[in-house]
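Student: I have a structure to read and some questions to ask. Can we go through them one by one?

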Amino acid sequence: MDSEWWFNASCSDETLAEAERYVHEQEQRFSRFRCDSMLSRLNADREIEDHDLADVTALALEIRAVTDGAFDPSMGAALVAAGYDRSFELLGDDTLA
């Protein structure tokens, strides 16, 4: 989502590089803005074998239940219908007003 993030830790450069790789791998896996992500494949195919995605989805559904729907991971179609169909860096400045 074109977010800025950083690590602040007392560790080696190698450990920081490993953490950065991990974040990028997870973004690749779970982004709804990447057509090749596991999440996009799940949304398109309605099924996929990925244990981590299954775990995250199960947790998200539990949170939906606990929050009485205030948090709802099944809002993808509504977000796209509302025009939020691409990440912020792909939107023009005129859409942010």
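Tutor: Start with a salt bridge: Glu 27 pairs with Arg 34, and their closest N and O atoms are 2.7 Å apart. A salt bridge here is a side-chain nitrogen of Lys or Arg within 4 Å of a carboxyl oxygen of Asp or Glu. This is a predicted model, where local features need pLDDT of at least 70, side-chain atom pairs count only at pLDDT 80 or more, and totals for chains, interfaces and linings use all residues. Residues are numbered from 1 along each chain as its sequence is written, and side-chain values use heavy atoms, with hydrogens and water left out.

Student: Is Glu 27 buried, exposed or partly exposed?

Tutor: Buried means under 20% relative accessible area, exposed means over 50%, and partly exposed lies in between (1.4 Å probe, protein chains only). Glu 27 has a relative accessible area of 30%, so the residue is partly exposed.

Student: Which parts of the chain does the pair Arg 29 and Asp 50 tie together?

Tutor: Arg 29 forms a salt bridge with Asp 50, with the closest N and O atoms 3.1 Å apart. The two are 21 residues apart in sequence, so the pair ties together helix 1 (residues 13–30), which holds Arg 29, and, for Asp 50, the loop between helix 2 and helix 3. Helices are DSSP runs (H or I, at least four residues), numbered from the N terminus.

Student: Is Asp 50 buried or exposed?

Tutor: Look at the relative accessibility of Asp 50, which is 10%. Because of that value, Asp 50 counts as buried.

Student: Which residues are linked with Arg 29 in a network of salt bridges?

Tutor: Arg 29 also meets Asp 52 in a salt bridge, at 2.7 Å from N to O. That pair links distant parts of the chain, helix 1 and helix 3, 23 residues apart. The network joins Arg 29 with Asp 50 and Asp 52.

Student: How many salt bridges does the count come to?

Tutor: Apply the rule for nitrogen and oxygen given above. By this rule, the count comes to four.

Student: Why does Ser 40 count as buried?

Tutor: Ser 40 sits in helix 2 (residues 38–45). Leaving aside neighbours within four places in sequence, Ser 40 is in contact (heavy atoms within 4.5 Å) with Ser 31, Arg 32, Arg 34 and Cys 35. Ser 40 is buried because its relative accessible area is 13%.

Student: Which helix has the highest mean pLDDT?

Tutor: pLDDT is the predictor's confidence in each residue, from 0 to 100. The protein chain averages 83. Among its elements, helix 4 (residues 76–81) has the lowest mean, 80, and the highest, 93, belongs to helix 3 (residues 51–66).
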